[in-house]
Amino acid sequence: MVAKQAHPVPTASGRARTWLAIVLVLGIGSGTAAAAPAEVPPANVPSIEWTPCGEGKDCATVEAPLDYAVPEGQTVSLHLTRRRATDPARRIGVLFVNPGGPGGGTSSWPDKVVERDVTGATGARFDIIGIDPRGVEKSRPGIRCLSADGYAAQWAQATATPSDGQFPRAVSQAKDFNSACAGNTGALLPHLGTANVARDMDFVRAALGEEKVSYLGLSYGTYIGTVYANLFPDRVRAVALDGGYDPHRFTSDPYPNDMVQYQAVEESLNRFLDWCASDVDKCGFGRGKPAEAFRAVQADLDANPLRNPAGGLIANGATMTFAVVSALNSGGPGWVQLGRSLARAQARDAGSDLLAPISEEDTNFYAANVAVECNDRIFPGSVDDAEAELAKEAEAGPLLGNTVAYGPPNYDHGHALACLQWPAERDSRYPGPYDVRTETPILVVGTTHDPDTPYQDSVELAKTLGNARLLTFDGDGHTGYGGSECARAAEYRYLLELKLPETDVCKDNPPPA
């Protein structure tokens with residue numbers, strides 16, 4: 001799951017020497033959580049050579065261990081982007097940011113964090129750093145599975161509405177997708193789990209010479225922060241997690257976890273459709289019966305896909321539906337645009353952003369999304385057992401569920417068949433615990449009508465963490481940071497001053513616009 005601002009709508013981007021000393025600090029191991037790290041920074045970590053990369057930012061590349069159990073072995077290149085504190089005399093330290101995914105890059109986020117703090121204090125007092133997670137965006141090697149044409153060819157067989165043979169087709173597509181991941185990602189594939197992403201962050205911390213770090217994580221970024229805080233509690237100054245994951249259910253009880261997401265995104269669509277029916281002119285789609293119109297558009301595009309002159313897929317009912325799943329992340333401020341886009345899709349206007357063809361950016365994002373989550377998650381049973389589970393999930397989402405359940409491996413709750421057939425060892429999966437107590441309480445923010453990270457996940461995350469406080473945004477859309485000025489201000493104040501919010505609920509849900 002990824003914060004909306006970094007999530008590609010299906011429209012659709014000194015070398016480190018590794019030494020044994022690093023092992024003692026970075027808490028390696030594939031099966032158990034590490035103890036709190038030593039207080040002394042590791043020896044022989046790299047020095048980071050920053051170079052200007054435009055608009056007041058610096059960039060760097062750091063070589064980190066591919067496998068922290070073999071620190072002197074192969075490496076991966078991590079791309080870093082930094083905005084330095086503009087008031088160095090009052091500098092607090094480093095603020096790492098991650099907007100989610102898996103598959104989302106971080107290069108634009110130091111700027112976004114500065115721009116959205118109206119006080120200017122965050123940019124003044126922190127060095128704000130984004131690390132493209134291993135395999136993602138500018139970090140190398142990259143996660144690659146199918147080509148864009150190959151992924152589009154799989155989507156060309158998918159349907160938004162139930163069709164004959166959809167389960168065996170989805171099983172076969174997932175197997176082919178996985179084979180491409182193994183062939184094109186190679187030795188990196190077993191080492192993409194979130195435990196290694198957290199270790200990478202601590203590796204960079206050590207290279208920066210920082211004793212402690214602050215962290216802002218959105219969506220999947222909350223799981224990175226959860227794992228980091230449990231692996232390295234003594235390195236935590238402050239951690240804000242917005243759009244949380246229930247970590248136990250995410251990693252070890254995935255069918256119930258996915259079911260909650262099927263229900264949440266369907267509820268968000270229904271909230272949009274109810275508004276659309278109540279404000280016909282502003283919505284501009286469906287003439288007062290938007291749910292019926294939505295089903296009609298799905299059926300029409302399933303039966304008559306848009307194709308390019310060469311016969312390749314531009315869009316069909318499944319790709320249009322999948323684009324809607326992403327568009328709902330914008331909440332109320334995106335509803336007017338969504339209504340207009342659906343009206344254009346109804347008219348088969350290829351200019352609708354819901355009918356854009358699958359791009360290389362989309363393909364790479366979903367490759368990373370699947371690969372990281374299949375390293376983190378263990379689905380029970382066999383592929384045959386999945387048939388009944390997917391049927392229940394699709395039934396829970398009458399308008400959106402069929403596309404996600406039976407399409408090619410796609411996003412978060414559309415991974416079961418890929419993960420059940422995953423070709424790599426899960427060498428960097430983090431199995432817990434998740435309740436290590438940090439000195440500073442962790443701030444968890446959940447949104448009541450979040451289509452992507454359901455609210456109950458944030459509630460459970462706050463209960464699970466050893467020392468945490470929940471702030472609720474009573475509103476629509478993905479993350480409080482994305483939709484609520486109240487939540488965003490509370491997060492900034494917490495990160496700057498280590499002060500928890502004075503309220504339990506933010507109610508500034510923006511109206512449809």
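Which residues does Arg134 touch, not counting residues up to four places away in sequence? The answer is Pro65, Leu66, Tyr68, Val76, Leu78, Ser139, Ile143, His191, Leu192, Asn196, Val197 and Asp200, where contact means heavy atoms within 4.5 Å.

Before going on, a word about the model. It is predicted, so local features need pLDDT of at least 70 and side-chain atom pairs count only at pLDDT 80 or more, while totals for chains, interfaces and linings use all residues. Residues are numbered from 1 along each chain as its sequence is written, and side-chain values use heavy atoms, with hydrogens and water left out.

**Arg134 and its loop**

Arg134 sits in the loop between strand S5 (126–131) and helix H4 (148–155). Helices (H or I, at least four residues) and strands (E, at least two) are DSSP runs, numbered from the N terminus. With 1% relative accessibility, Arg134 counts as buried; buried means under 20% relative accessible area, exposed over 50%, and partly exposed in between (1.4 Å probe, protein chains only). Two of the partners named above also meet the Arg134 side chain through polar atoms. The side chain of Asp200 makes a polar contact with that of Arg134 at 2.8 Å, and the backbone oxygen of Pro65 is reached by the Arg134 side chain at 2.8 Å. A polar contact is a pair of N or O atoms within 3.5 Å; within protein, one must be able to donate a hydrogen and the other to accept it, and residues adjacent in sequence count only if both atoms are side-chain atoms.

The loop between S5 and H4 also holds Glu137 and Pro141. Glu137 is not a glycine, yet has a positive phi of about 55°, and at 22% relative accessibility Glu137 counts as partly exposed. The peptide bond from Arg140 to Pro141 is cis, with omega near 0°.

**Backbone features elsewhere**

Most residues other than glycine have a negative phi, and most peptide bonds are trans. Another cis peptide bond runs from Gly101 to Pro102, with omega near -10°; Pro102 is in the loop between strand S4 (93–98) and helix H2 (109–115). Arg287, a residue other than glycine, has a positive phi near 50°. Arg287 lies in the loop between helix H10 (280–283) and helix H11 (290–303) and is exposed, at 81% relative accessibility.

**Disulfides**

How many disulfides does the model hold? The count comes to five, taking a disulfide as a pair of cysteine sulfur atoms within 2.5 Å. With bonded cysteines counted along the chain, the pattern is 1-2, 3-4, 5-6, 7-8, 9-10. Among the pairs are these:

| Pair | S to S distance | Torsion about S-S |
|---|---|---|
| Cys276 and Cys283 | 1.7 Å | about -60° |
| Cys374 and Cys419 | 2.1 Å | about -90° |
| Cys486 and Cys506 | 2.0 Å | -65° |

The disulfide of Cys276 and Cys283 is left-handed. Cys276 is buried at 0% relative accessibility, and Cys283 is buried at 1%.

The link of Cys374 and Cys419 is left-handed too. Cys374 lies in helix H14 (residues 360–376) and Cys419 in helix H17 (residues 416–420), so the pair ties together parts that are 45 residues apart in sequence. Both Cys374 and Cys419 are buried.

The link of Cys486 and Cys506 is left-handed as well. Cys486 counts as partly exposed at 27% relative accessibility, whereas Cys506 counts as buried at 1%.

**A helix pair and an annotated span**

The axes of helix H12 (residues 317–327) and helix H13 (residues 335–346) come within 12 Å and cross at roughly 175°. Axes are lines fitted to C-alpha atoms, for helices over the stretch in contact, and angles run from 0 to 180 degrees between N-to-C directions. H12 is thus roughly antiparallel to H13; angles under 35 degrees count as roughly parallel, over 145 as roughly antiparallel, 65 to 115 as roughly perpendicular and the rest as oblique. Met320, Val324 and Ala327 in H12 meet Leu338, Leu342 and Ala345 in H13.

Finally, an unreviewed UniProt entry carries the annotation "domain: Peptidase S33 tripeptidyl aminopeptidase-like C-terminal" for residues 417–504. UniProt positions are given in the numbering used here, feature names are shortened, and annotations may be inferred rather than shown by experiment. In the model, residues 417–504 are 35% helix and 19% strand, with end C-alpha atoms 39 Å apart.
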